[in-house]
Amino acid sequence: MARFRGALIGCGFFAVNQMHGWQDLAGVEIVAICDRDAERLAIVGDQFSVARRYSSAEEMFADGGFDFVDIATTVGSHRALVELAAKHRVPAICQKPFAPTLADAKAMVAAAEAAGIPLMIHENFRWQTPILAVKQVLDSGAIGTPFWGRVSFRSGFDVFSGQPYLARGKRFIIEDLGIHSLDIARFLFGDATSMTARTRRINPDIAGEDVATMLLGHENGITSIVDVSYATKLPEEPFPETFVEIDGDKGTLRLGKDYRLTVHGPEGTVESVVAPNLLLWASRPWHNIQESVALIQKHWIERLAAGREPDTSGRDNLKTFALVEAAYLSAERGGTVALADLL
Ligand code: NAD
Ligand code: 89Y
């Protein structure tokens with residue numbers, strides 16, 4: 001029998017990656033799945049041979065028999081489902097974006113803490129192989145102490161065909177994709193204290209913003225720029241690559257197209273390719289994201305087994321989510337927002 005039995009709620013577009021990730025992890029079995037949509041429930045249930053299938057999360061929790069729940073629904077249902085997990089004292093993973101508002105996210109963290117359950121936000125981009133490689137270089141001291149950074153994601157990829165809800169929300173790129181880039185900025189440069197943002201909508205067929213430029217001040221004095229766009233038509237489409245630039249007092253680091261990493265320091269210049277692995281079930285160009293799903297799930301199981309808080313716990317992710325809220329506030333008001341006013 002598997003050491004960790006899981007249940008998954010939400011069998012949509014992205015959950016298939018999560019099911020593959022769980023299937024590959026030794027000692028883990030997804031024993032129950034849930035979706036309101038009977039067709040999605042049947043597709044995922046059949047593909048991954050899961051016998052216990054539910055249209056209601058309440059019924060699934062009432063039947064129990066699992067050690068954690070993986071919530072892969074869209075944002076509107078996150079709070080109710082995390083609170084349900086807390087009520088049943090079941091450790092929970094919740095997909096990003098954490099919640100519709102920061103107040104909801106804070107309530108979810110409070111519910112998990114009151115129930116004594118671990119809560120991890122599925123914030124997987126910091127688990128991408130190229131981003132882990134960047135972090136390793138920073139930690140090695142090869143470029144000295146960083147004083148400036150940029151996390152950049154600019155693409156013209158059609159994300160709306162696979163995720164049509166992204167075209168309908170009043171909020172789009174910061175909440176959906178920028179949230180990952182902001183988390184990467186926190187991962188690499190430390191927590192932020194201030195946010196100044198500008199947004200634009202270029203695509204006339206969507207409701208929300210598809211371009212955002214954000215300036216962050218970090219606690220340790222680093223200044224960073226996080227810029228994201230789904231309106232950028234390049235000769236070679238880079239989706240879903242994140243580019244990173246960092247200047248330190250002893251050198252520089254550049255992560256560019258096709259996962260090329262250039263590190264320049266006192267000893268000279270080193271160029272390498274830090275491409276993600278193409279897992280057996282993965283497909284290009286998504287393989288970078290898909291591998292990070294497998295890696296964050298491994299991290300969850302390791303921390304669950306050790307009884308330790310995961311790196312992207314609900315508590316931690318409040319600081320990433322506050323940056324999202326701060327960016328929308330700043331863009332709306334035209335000024336700088338202090339993170340201390342939100343957290
Ligand atoms: P989707 O709409 O394709 O799938 C969501 C599924 O959840 C649907 O099948 C829906 O019927 C079901 N559902 C919704 N509420 C439910 C409820 N209360 N009970 C049972 N089932 C319910 O959405 P998606 O594109 O798979 O996205 C899901 C989440 O994953 C989103 O929050 C999205 O932002 C996130 N996502 C994350 C990444 C990443 O890299 N981390 C990538 C893509 C999407
Ligand atoms: O939903 C988004 C995410 O989290 O990663 C990429 C994406 O699928 C589209 O922007």
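Ligand 2 is surrounded by Val-159, Gln-163, Asp-176, Leu-177, His-180, Pro-240 and Ile-289, where a residue is near a molecule if its C-beta atom, placed from the backbone, lies within 6 Å of it. Helix α7 (residues 173-189) gives 3 residues, the largest share of this shell; helices (H or I, at least four residues) and strands (E, at least two) are DSSP runs, numbered from the N terminus. By class, the shell around ligand 2 holds 4 nonpolar, 2 polar and 1 charged, with Ala, Val, Leu, Ile, Met, Phe, Trp, Tyr, Cys and Pro counted as nonpolar, Asp, Glu, Lys and Arg as charged, and the others, Gly among them, as polar.

The model is predicted, and local features need pLDDT of at least 70, side-chain atom pairs count only at pLDDT 80 or more, while totals for chains, interfaces and linings use all residues. Residues are numbered from 1 along each chain as its sequence is written, and chains are lettered from A and ligands numbered from 1 in the order in which they are written.

Around ligand 1 there are 26 residues, of which Gly-10, Gly-12, Phe-13, Phe-14 and Thr-73 come nearest. This shell divides into 11 nonpolar, 9 polar and 6 charged residues, and at least three residues are drawn from each of domain 1 (4-117) and domain 2 (126-294 + 320-341), the bounds of which come from an automatic or database domain assignment.

The centres of domain 1 and domain 2, taken over C-alpha atoms, are separated by 27 Å. Their contact takes 12 residues from domain 1 and 13 residues from domain 2, two residues being in contact if their C-beta atoms, placed from the backbone, lie within 7 Å. On the side of domain 1 that touches domain 2, the elements giving two or more residues are α1 (15-24) and α5 (102-115), and the largest share, 5 residues, comes from α1.

The UniProt annotation "domain: Gfo/Idh/MocA-like oxidoreductase N-terminal", from an unreviewed entry, covers residues 5-120; such positions are given in the numbering used here, feature names are shortened, and annotations may be inferred rather than shown by experiment. The span of residues 5-120 is 44% helix and 22% strand, with end C-alpha atoms 17 Å apart.

Helix α8 (residues 287-306) has 20 residues and should span 28 Å at 1.5 Å a residue, which agrees with the 29 Å between its end C-alpha atoms; the expected span is 1.5 Å times one less than the number of residues. Among the buried residues of α8 are Trp-300, Ile-301 and Leu-304, a residue being buried if 20 or more other C-beta atoms lie within 10 Å of its own, exposed if 12 or fewer, and partly exposed in between, with C-beta atoms placed from the backbone. After α8 comes Gly-307, whose phi is positive, near 65 degrees.

| Cis peptide bond | Omega | Loop holding the proline |
|---|---|---|
| Lys-96 and Pro-97 | about -15 degrees | between β5 (92-95) and α5 |
| Phe-239 and Pro-240 | about -5 degrees | between β10 (223-229) and β11 (243-248) |

Arg-89, although not a glycine, has a positive phi of about 55 degrees; this residue lies in the loop between α4 (78-87) and β5, and Arg-89 is exposed, with 10 other C-beta atoms within 10 Å.
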